[in-house]
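Subject: Handover of a structure and its findings

Dear colleague,

Please find below the structure that I am handing over to you.

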Amino acid sequence: MLPFSVPEHRSRSPFSVPGRRDCGWVPARGLDPDQGFTLTEMAVIVVVVGVLAAMASPSLRHHLNQVRLEGALLSLQGALREAQNEAIRRSQTCTVTVNPGVDSTITGSCLITGDRRLKEVELRHNRSSGPWHISFDYKGRNRDPANSGTIVLSVPNSRVRPLCLVMSVGIGLRRTGEYQGRLDSPLASDCLSS
């Protein structure tokens with residue numbers, strides 16, 4: 001006799017084994033719970049998971065490229081803001097150099113947190129084919145007409161819509177948005193604020 005008793009009002013499962021304790025678990029199709037999955041069942045599970053992963057992959061890649069592009073724009077904005085604030089704080093001219101190309105680097109004489117590298121993002125601007133030097137005077141102003149222009153950021157070989165930053169002359173205002181124009185010749189009018 002067992003050291004415990006099963007209440008009489010409790011019904012037994014039709015799959016109960018005499019002499020074994022009934023835990024209330026009813027196995028499917030009357031299989032032994034220690035048997036596991038068959039090879040066919042495992043193959044079906046692998047195929048279903050593979051199909052779901054293949055369907056989700058393009059969407060995930062698009063989302064990751066969008067996040068990468070938004071991070072690059074924030075990094076660019078941060079470098080410009082930092083140089084402008086440091087020019088005011090130090091009462092001296094501070095310059096930021098924006099290099100075009102893929103995996104470009106944003107450098108500056110007053111970037112106290114260091115240079116910014118835009119990984120897997122292409123940077124273009126409408127100033128010239130070389131680096132663009134943006135200077136802020138001791139009052140944080142951007143007085144040189146050569147310091148105004150448009151920067152476009154895009155992810156190569158991607159369908160993610162490019163982002164842009166327009167730099168104005170004067171007090172160094174910047175606006176950002178989605179770029180709707182041709183990438184080879186960025187225009188401020190094609191940078192639509194979001």
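**Basis of the notes**

This is a predicted model, in which local features need pLDDT of at least 70 and side-chain atom pairs count only at pLDDT 80 or more, while totals for chains, interfaces and linings use all residues. Residues are numbered from 1 along each chain as its sequence is written, and side-chain values use heavy atoms, with hydrogens and water left out.

**Overall make-up**

The chain contains 1 helix and 10 strands. Helices (H or I, at least four residues) and strands (E, at least two) are DSSP runs, numbered from the N terminus. Of the 194 residues, 29% count as buried; buried means under 20% relative accessible area, exposed over 50% and partly exposed in between, with a 1.4 Å probe and protein chains only. Among contacts (heavy atoms within 4.5 Å) with a separation of 6 or more, 51% are between residues 24 or more positions apart.

Two strands pair if DSSP finds at least two bridges between them.

Strand 1 pairs with strand 6 over 5 bridges and with strand 3 over 3 bridges, again antiparallel. Val98 has Trp132 of strand 6 as its bridge partner, and Thr97 has Thr107 of strand 3. Strand 1 is mostly covered, with 4 of its 5 residues buried. Strand 3 and strand 4 are joined by 2 bridges in the antiparallel sense, and here Ile106 is the bridge partner of Arg116.

How many residues of strand 7 are buried? The count is 6 of its 6 residues. Gly149, Ile151 and Leu153 point one way from the strand, whereas Thr150, Val152 and Ser154 point the other way. Strand 7 (residues 149-154) is joined to strand 8 by 5 bridges, the two running antiparallel, and Ile151 stands opposite Leu165. Strand 7 also pairs with strand 5 (residues 122-125) over 4 antiparallel bridges, where Arg124 has Val152 as its bridge partner.

**Disulfides**

The structure holds 2 disulfides, a disulfide being a pair of cysteine sulfur atoms within 2.5 Å. With bonded cysteines counted along the chain, they follow the pattern 1-2, 3-4.

Cys94 is joined to Cys110 with an S to S distance of 2.0 Å. This pair links distant parts of the chain, 16 residues apart: Cys94 is in strand 1 (residues 94-98), and Cys110 is in the loop between strand 3 (105-108) and strand 4 (116-117). Its S-S torsion is about -75°, so the disulfide is left-handed. Cys94 and Cys110 are buried.

Cys164 is joined to Cys191, also with S to S 2.0 Å. Cys164 lies in strand 8 (residues 163-167) and Cys191 in strand 10 (residues 191-193), so this bond ties together parts that are 27 residues apart in sequence. Why is the disulfide of Cys164 and Cys191 right-handed? It is so because the torsion about its S-S bond is about 95°. Cys164 and Cys191 are both buried.

**A charge over a ring**

The charged end of Arg141 sits over the ring of Tyr138, 6.0 Å from its centre. The criterion is NZ of Lys or CZ of Arg within 6 Å of the ring centre and within 35 degrees of the ring normal.

Yours sincerely
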